[in-house]
Structures are given as C-alpha cells and as structure tokens.
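Hello,

Here is the structure I promised to pass on. My notes follow below it.

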Amino acid sequence: MTENNVFESSHVHMARQLIKHMEAQNEEEVNRLLKELTEIRHDKLFCELGRLTRELHETLKGFQVDTRIASLAENDIPDAKKRLGHVIDMTEASALRTLTAVESSMPLSQAMGERTRHFKKSWRSFRRREMTAEQFRSLSREMDKFLEHTDGDMSQLQNNLSEILIAQETQDLSGQIIKQVIALVEDLEVSLVELIRITGGAGIDADIEDERSVNAHETTKNLNGSGPVIPGVEGTDVMQSQDEVDELLSSLGF
Amino acid sequence: MDKSMKILIVDDFPTMRRIIKNLLSDLGFANVDEADDGATALPMLQSGDFDYLITDWNMPKMTGIDLLKAVRADSRLSKLPVLLVTAEAKRDQIVEAAQSGVNGYIIKPFTAETLREKLEKTMQRVTATS
C-alpha cells in the first residue's frame, strides 16, 4: 500500500464495480464488493490498533524503567508507613508522660492546699491570742512538719513540671517526620500524574505537572537522611543517643 | 556561669524554641531572644550583642550548619559560642559540625539535664579562654 494515497486505485476500481452492480441490481456481487470494501477498512483499523498497542507497550516499558513509581512502592512507601507509625508511638509516649506528671502533681497540690487551710485556722487563733501555751507548742511542731512536707512536695512538683515541659519536644520531632512524608506524597503524586497522562487520562496540564515535578524533587533531596532517628528506618552511621554523640566528638578530639 | 548572658535561640518550630527558653529560664538565664531561621538569626547576631547561640540544624532558608559557618567566618562573631540542638544524628553531620567549629552538639529528644551539662561545659571553656 502506498503511503500517500488514502484510497488505492484497486479500491476505486472496486467502488466503480459496486456502482455498476448496484445499477444492474446484482445483489450477490454488491454484497461481495461491500464485504471486501469493509474489510479494507477493518485491515486499516487493525494496523492502526497494532501500531498504537506497540507504542503503548514501549512507553510503559520505558516508564517502568525510569520513573520513581517502582522504587516508591518498594522502599519509600513502607518507609513512610514506619515513619508515621513512629510519630504515633512518640506522641503517645509524650502524652502518657505528661499525664503521669499531672497525676503525680494533683495530689501534691491538693495536700498542700489542705495543709495550708488547716494552718490558716491555727495561725489565726494564735494571732488572736486565743491559744494556750500547750496549743502553741503543738502549732510549732506542726509548722516544722508543714515546712518539711512543703519543701519536699515543691521539689517534686518542680520536677513534674519539668517533665511536662520536655514531653512537648515530640511536637518538633513529629513535625519534622511528617514533613518528610509530605515530600514523599508529593513525589508519588507527580509519578501517578505521569502514569495517568501516559495511559491516556484526559486533561492533565503539562505545565502544572512539570512544576510539581521540580518541587517534589527539591523536597525529596531534603528527604535523604535528614531528620529524627526512626527505629528500623535509618540505617548505619546514625548516632542513637547523646552518649554516642559525646563519644564520637571526644574521639575526634573535641 | 554568667546568668545575664544574652542568648539567641534559633529553630523553625516555635514549640522547641519555647521549651529551650523555659529550660534556660529554669537555669536562671532570663536574657533570651528567638529567631525562626538561620536567615533571620544572622542579622540579629550581627547587630545585637549576643553572648551565646543555640541553633537547630534543619531550617528552610538557612540551615544551622550554614549559620555556624557564617558566624565563624564573620570576624566580629567568630568567637561566639555555638550549641547545636538538633534531630540530625548522622556521623558525617556531627563531624562536619565539629570541624566547622561548633562548641557543643545535642541530639533531640534531649533532657533538661543534658542541656544544662552542655551549657556549663561550653560556657566554662569560653570564660577560660577569654
């Protein structure tokens, strides 16, 4: 078949034959020629379909090889799940730590309040000179005890408040981890958009896609090895504690 | 330790800045200022008269390590004691920080005790050499 002629001379000839036979009312011939002419169209369609299928196959093959989707599915998404799981663990631990400190502080504060109220009464009597010497001696002893208790309780309370303060650290760490996962999701978004575009999805704007692609790769750069230590995700070469950091620094002479 | 020291805290998470500020206050340091990025911190350091810098590593516009390097490169700021408080715990990063002249390195999550200890240690060194 020639490339330039849409209709072959043989086809034109067949069409002329068709008209002749139609005018001559030759039903059998007309049917035969119609069948032949339609088959030509079918052949063309099949050829075109074959060509498109091969193209799609090649593109998909190429796509698998050089995009992020495969590595995203195998590594980064399980990674992200672990990271988010760790966030849950951290925030839970932090909340429990805070609750423990609060639970310890409530009775201390309450006891302090009761003791103070009791003392107010005794002291008021004393000030109004309504106390006997014996009662005053008793009051003195109680005062000693009160000061002893309060001193201890206040220290404990101070520690508890410190605990609560430190427990808020997890917001920073969780935030950093979640930022990493957002970057990963953006990466995934870009890859999926690409896939949809290739498989013939309508209306994907190429410009938006390019911009997203650049942004995602920018953030993925920061993804590599930055941020809080996640048990089971980060590999070698990451210090697990302040002690390890101190050891490393002193081994370097700092 | 000189409790009137002017300290700058740099971290892009406000909660972290607040925690460190509170810890410093517990230790008696009330002269404390804040910045949310290395980029905002550097001009503050250059025009203020800060005695101590506590900074995070990961920040959007200018990272802590770049801030440290900028401080060491500035003749007026080169002796400023710098404490890195960060989640970054990779060996290479710690080495890089040490080689860039950091005075102390604390990894998150940290305890009040660790912060106090490192502050004491680095401040002692500073007063010893000045």
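**Chain A and its surface**

Of the 254 residues in chain A, 26% are buried (under 20% relative accessible area; exposed is over 50%, partly exposed in between; 1.4 Å probe, protein chains only). This is a predicted model: local features need pLDDT of at least 70, side-chain atom pairs count only at pLDDT 80 or more, and totals for chains, interfaces and linings use all residues. Residues are numbered from 1 along each chain as its sequence is written, chains are lettered from A and ligands numbered from 1 in the order written, and side-chain values use heavy atoms, without hydrogens or water.

Chain A has 7 helices and 0 strands (DSSP runs numbered from the N terminus: helices are H or I, at least four residues; strands are E, at least two). Its pattern along the sequence is α-α-α-α-α-α-α. Take the contacts in chain A with a separation of 6 or more: 68% come from residues 24 or more positions apart (contact means heavy atoms within 4.5 Å).

The accessible surface of chain A is about 17600 Å² (Shrake-Rupley method, 1.4 Å probe; for residues, only the protein chains shown count as cover). Carbon and sulfur atoms hold 56% of that surface. A:Ile182 lies in helix H5 (residues 169-198) of chain A. A:Ile182 counts as partly exposed because its relative accessibility is 48%.

**The cores**

Which residues have the most contacts inside the largest nonpolar core? They are B:Leu8, B:Val10, B:Leu45, B:Leu53, B:Leu67, B:Val71 and B:Tyr105, in a core of 31 residues (buried Ala, Val, Leu, Ile, Met, Phe, Trp, Tyr and Cys residues joined through side-chain atoms within 4.5 Å). Elements giving two or more residues to this core are H7 of chain A, plus strand S1 (7-10), helix H2 (38-47), H3, S4, H4 and S5 of chain B. H3(B) gives the largest share, 4 residues. A second, separate core has 23 residues, including A:Leu165, B:Met5, B:Phe13 and B:Phe110.

B:Leu53 touches several residues beyond four places away in sequence, among them B:Leu8, B:Val71, B:Leu80 and B:Pro81.

**Helix H4 of chain B**

H4 of chain B spans residues 91-99. Its buried residues are B:Gln93, B:Ile94, B:Val95, B:Ala97 and B:Ala98. They pack against helix H7 (242-251) of chain A. In chain B, they pack against helix H3 (64-73), strand S4 (82-86) and strand S5 (104-107). Just after H4(B), B:Gly101 takes a positive phi of about 100°.

Best wishes
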